[in-house]
Structure formats: structure tokens, C-alpha cells
Amino acid sequence: MQTGSRQYSADDDYTAVWSRADALKLRQDRTNTAPRVSPDFPVISDKVWQWDTWPLTKLDTKTATYKGWHVIFALTAPRSVPFGDRHWYAKIGYYYSRDAKSWKYGGDLFQPGTAFGSRQWAGSAALVGDKVYSFYTASGRDNGGVDPNDPLQRLAMASGRIHADKTHVWFDGFRNHRIIAEPDGKMYQTMAQSQSGPIIYAFRDPFVFRDPRDRKIHILFEGNTGGAAGSYRCTERDIGDVPSGHEVPEDSKYYTGNIGLATADSDSMGNWRLQPPLLSANCVNQQTERPHLVIRNGKYYLFTISHKFTFAPGLSGWDGLYGFVGPSLRSDYKPLNASALVLGNPEDAPTQQYSHYVMPNGLVESFIDTVPTANGGTRFGGTLARTLVLSLKGNKTYLTKQLGYGFIP
């Protein structure tokens with residue numbers, strides 16, 4: 001399989017496809033199966049559950065330090081909240097460390113009442129000088145309280161300043177929150193359009209970066225194809241070159257995940273313009289969560305995470321990390337390893353870890369979710385898993401080893 005060669009500008013309307021034919025090639029082996037998480041894992045903070053996590057980066061996506069401190073951000077909720085309910089209480093917390101592995105919890109990033117939405121979901125954060133641009137998902141109605149039946153999602157940002165001394169890191173500012181993108185109903189499905197569907201929709205997870213080719217600042221995000229849920233019709237391109245006899249179940253039309261793009265009008269990041277999706281998973285998967293990029297040797301590695309339960313009928317995958325490679329930001333991305341599977345959970349621990357994030361150095365961090373114990377029970381994680389080392393070679397990836405818990409240099 002060759003890397004795609006067609007390239008387009010960010011403003012073009014070409015969208016690459018993750019097809020059913022690709023997904024039918026999904027297989028696990030030792031190069032793409034995460035090692036079992038030990039049930040006796042350590043916990044970073046006994047105050048909060050921690051899940052989706054991202055490092056402070058520069059706009060080139062490389063991790064940044066500030067005055068010798070490593071800084072990470074994560075979705076957090078009090079450990080007094082049941083683990084399964086944590087999403088409805090989520091706030092962005094931050095942690096800091098000298099050695100990139102002994103993390104100290106610093107508390108909430110934003111002051112109470114300043115952020116949009118009723119909770120915050122995943123995003124990214126870029127350091128420019130001593131200014132931090134924080135991007136996040138404003139989930140739920142503004143001041144809507146704890147309401148699991150409120151799936152509203154918008155992309156938001158705020159800027160603040162980072163400070164540090166010899167003992168700790170802190171922030172101020174972040175009072176200038178604003179909504180920077182909402183679904184348009186054509187390229188990206190709105191909450192109202194999604195209501196007729198059987199599964200939660202998405203407009204979330206902004207990942208900020210500067211494209212080294214066009215020098216513009218963009219964000220990737222997770223979306224769903226525009227239009228009322230159930231109105232989509234699977235195309236030949238969505239299906240691909242499938243084996244004879246493969247049938248596409250009718251309900252596949254409800255599965256319309258995509259990886260979206262928005263572009264800032266200038267380096268001030270004052271205004272953002274929605275662009276057509278970079279990649280679609282129509283009739284393949286409903287959720288292409290936390291999309292992010294690693295740009296290496298002229299290749300754009302586009303990563304996303306997804307669940308077993310979000311694959312369309314007639315397909316099956318794993319909770320884990322999926323990826324694609326192309327020659328430019330908007331290009332004819334091809335699935336890594338032929339199927340797109342990069343790292344999946346083992347069969348005997350199908351929900352052990354999630355929310356993988358690949359750093360430019362090939363290290364992959366994630367959080368521990370639900371781990372089986374020897375007595376047949378489970379232990380909830382809510383803390384960082386061991387960091388995995390990924391080799392990227394052309395169109396293929398290989399898991400090479402694992403490092404310590406929460407190592408994010």
C-alpha cells in the first residue's frame with residue numbers, strides 16, 4: 001500500500017475516506033495490542049478522576065516546558081463522583097512536574113463561572129511566549145448544571161498567562177472565553193439534526209497547531225457529517241472494495257464520524273472559519289475523537305481514538321488509537337497498517353485504557369479506564385497509564401515498548 005500522493009490546500013473541499021473495506025482489515029497482533037494494565041497501578045491524585053490528557057505544546061505540536069516545568073492538562077472530576085458519571089462534572093485541571101512523570105495536581109485551570117457550557121471536555125493548549133491559548137469543548141448549555149441529557153457541544157477558547165517559581169506553577173487570566181466554532185448543519189451535524197439518531201453526536205476536541213506548509217494556524221476537531229441523523233446514504237467510496245457478499249446494514253447510515261478543520265484568520269486567532277472535513281468515516285464509525293497530528297519527514301500522521309461500540313453494524317474494532325498518513329494537511333490520507341488500527345486494548349481487558357495521544361517523539365500517553373482484577377471484579381482508573389513507545393515508519397506503526405506511568409516529556 002502506498003502513501004496517498006494527492007495534496008490540496010486547507011480551503012479545498014476534498015475529504016479523505018476511512019472506508020468499510022479498510023475497517024474489514026482490522027486485526028490485532030503484538031505490534032498493535034496494548035500490554036495488560038496491572039490492577040495495582042498507582043494514582044496521581046486521590047482528589048480527582050483524571051482522563052483525557054494533553055501536554056502544553058508549542059504551535060508546532062512539540063511539548064513545551066516553562067522555566068523547567070513540564071505541564072499537562074486533563075479532564076477532571078471529584079473522586080466523590082461515581083466514575084461513570086464523571087463526564088457531567090468535567091473541568092480542565094492542570095498538573096506540573098520537573099521530571100515529566102512525578103505530577104503535582106494544581107487545581108482547575110479556569111476560575112468558576114468563566115467558561116462556556118456546563119462542563120468542559122477535551123481540547124489543547126499552546127504556549128506563545130508566556131501566554132497560553134487554551135482550547136476546549138464547551139459541553140452542555142451555559143450554566144446548565146449536571147444534565148446527562150444535554151449533549152450540546154461547541155468549540156471555545158480563552159487565553160491566560162503561565163507563571164512559575166521554584167516550587168510550583170500557576171495561571172491567571174482566562175477571563176476572555178469565547179465560542180469560536182459551532183456546527184453549520186451542512187458540513188457538520190448540529191445537535192438538533194442528531195436527535196433522530198441512536199448514538200451521541202460530536203462537535204468537540206479542538207487540537208491547535210500551525211501547519212508548516214501554509215504557516216496558518218488551524219484546529220482539528222471531531223464532528224459528524226451534516227444533515228439529519230439517518231438521512232445519509234452510504235456511497236461506493238464509503239464502502240470501498242469490499243469482499244463479495246459483504247452487506248452494508250441499513251443502520252450504518254447513522255454512523256457518520258469525521259475529522260473536522262477550522263482555520264484562524266490570523267496569528268491573533270481572533271476569528272475562525274469552518275473548513276470541510278479532512279477525513280470522514282461515514283458508514284464506518286460514529287466517533288473519531290481527539291484528532292491530532294504528528295508531522296514527520298514530510299508526512300502528516302493523523303491520529304484519532306475510537307470505541308468498539310461506535311463502529312457501524314457489520315464492522316468490529318477495539319477501543320484504542322487509529323491513524324492515517326498523507327503528504328499534506330489536506331490530502332488523500334491512507335489508513336496506517338492498511339486498516340487504521342495503531343493500538344487496541346487486549347481482548348481480556350477491552351476497556352483498560354483510552355484517549356491515546358501521540359506526541360511528536362513517538363511516545364503515546366493515555367488514561368486508565370476500567371481494569372479487570374484477579375477476583376473477577378474491576379478497578380476504575382482515572383489516572384495516567386504507562387506511556388507506550390510507537391515506531392512510525394512510512395505507512396506502518398509498531399508498538400516497541402512501554403515506559404513508566406504518565407511519562408509525558
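In which strand does glutamate 289 lie? In this predicted model, glutamate 289 belongs to strand S17, which spans residues 289-296.

**Annotated residues**

An unreviewed UniProt entry carries the annotation "active site" for Asp52 and Glu289. The two are spread over 238 residues of sequence, yet they cluster in space, with a largest C-alpha distance of 10.5 Å. Both Asp52 and Glu289 form part of the lining of the largest pocket.

Aspartate 52 sits in strand S3, residues 48-55. Its relative accessibility is 11%, and the residue therefore counts as buried, the cut-off being under 20%. Beyond its neighbours within four places in sequence, aspartate 52 is in contact with Phe73, Ala74, Leu75, Ala122, Arg290, Ser355 and Phe367.

Glutamate 289 has a relative accessibility of 12%, so this residue also counts as buried. With neighbours within four places in sequence set aside, its contacts are Arg204, Asp205, Glu222, Thr304, Ile305, His307 and Tyr354. With arginine 204, the side chain of glutamate 289 makes a polar contact of 3.0 Å.

**Pockets**

| Pocket | Volume | Lining by class |
|---|---|---|
| Largest pocket | about 490 Å³ | 11 nonpolar, 5 polar, 8 charged residues |
| Second largest pocket | about 380 Å³ | 13 nonpolar, 10 polar, 3 charged residues |

The largest pocket is lined by 24 residues, of which His87, Arg204, Gln287, Glu289 and His307 are the closest to its centre. Elements giving two or more residues to this lining are S3, strand S8 (119-128), strand S13 (204-210), S17, strand S23 (353-358) and strand S24 (363-372). Strands S3 and S17 are the elements that hold aspartate 52 and glutamate 289, respectively.

For the second largest pocket, 26 residues form the lining, and the closest to the centre are Ala90, Lys91, Ser118, Arg119 and Gln120. At least two lining residues each come from strand S5 (69-78), strand S6 (91-97), strand S7 (104-108) and S8. Strand S5 supplies the largest share, 3 residues.

**Glycine 406**

Glycine 406 is located in the segment after strand S27 (396-405). This glycine counts as buried because its relative accessibility is 2%. Residues up to four places away in sequence aside, glycine 406 touches Ala100, Lys101, Trp103, Leu384, Ala385, Arg386 and Thr387. Between glycine 406 and serine 366, the separation is 40 residues in sequence and 7.9 Å in space, C-alpha to C-alpha.

Methods:
Residues numbered from 1 in each chain as written. Predicted model: local features only at pLDDT ≥ 70, side-chain atom pairs only at ≥ 80, totals over all residues. Heavy atoms only, no water. UniProt positions renumbered as here; feature names shortened; annotations may be inferred. 1 Å grid on protein atoms, 1.4 Å probe; cavity = no way out; pocket = protein on both sides within 12 Å on 5 of 7 lines; lining within 4 Å. Helix = DSSP H or I, 4+ residues; strand = E, 2+ residues; numbered from the N terminus. Buried < 20%, exposed > 50% of the residue type's maximum accessible area, 1.4 Å probe, protein only. Contact = heavy atoms within 4.5 Å. Polar contact = N/O pair within 3.5 Å; in protein donor to acceptor, adjacent residues only side chain to side chain. Points joined across faces, edges and corners; volume = space filled by probe spheres on them. Nonpolar A, V, L, I, M, F, W, Y, C, P; charged D, E, K, R; others polar.
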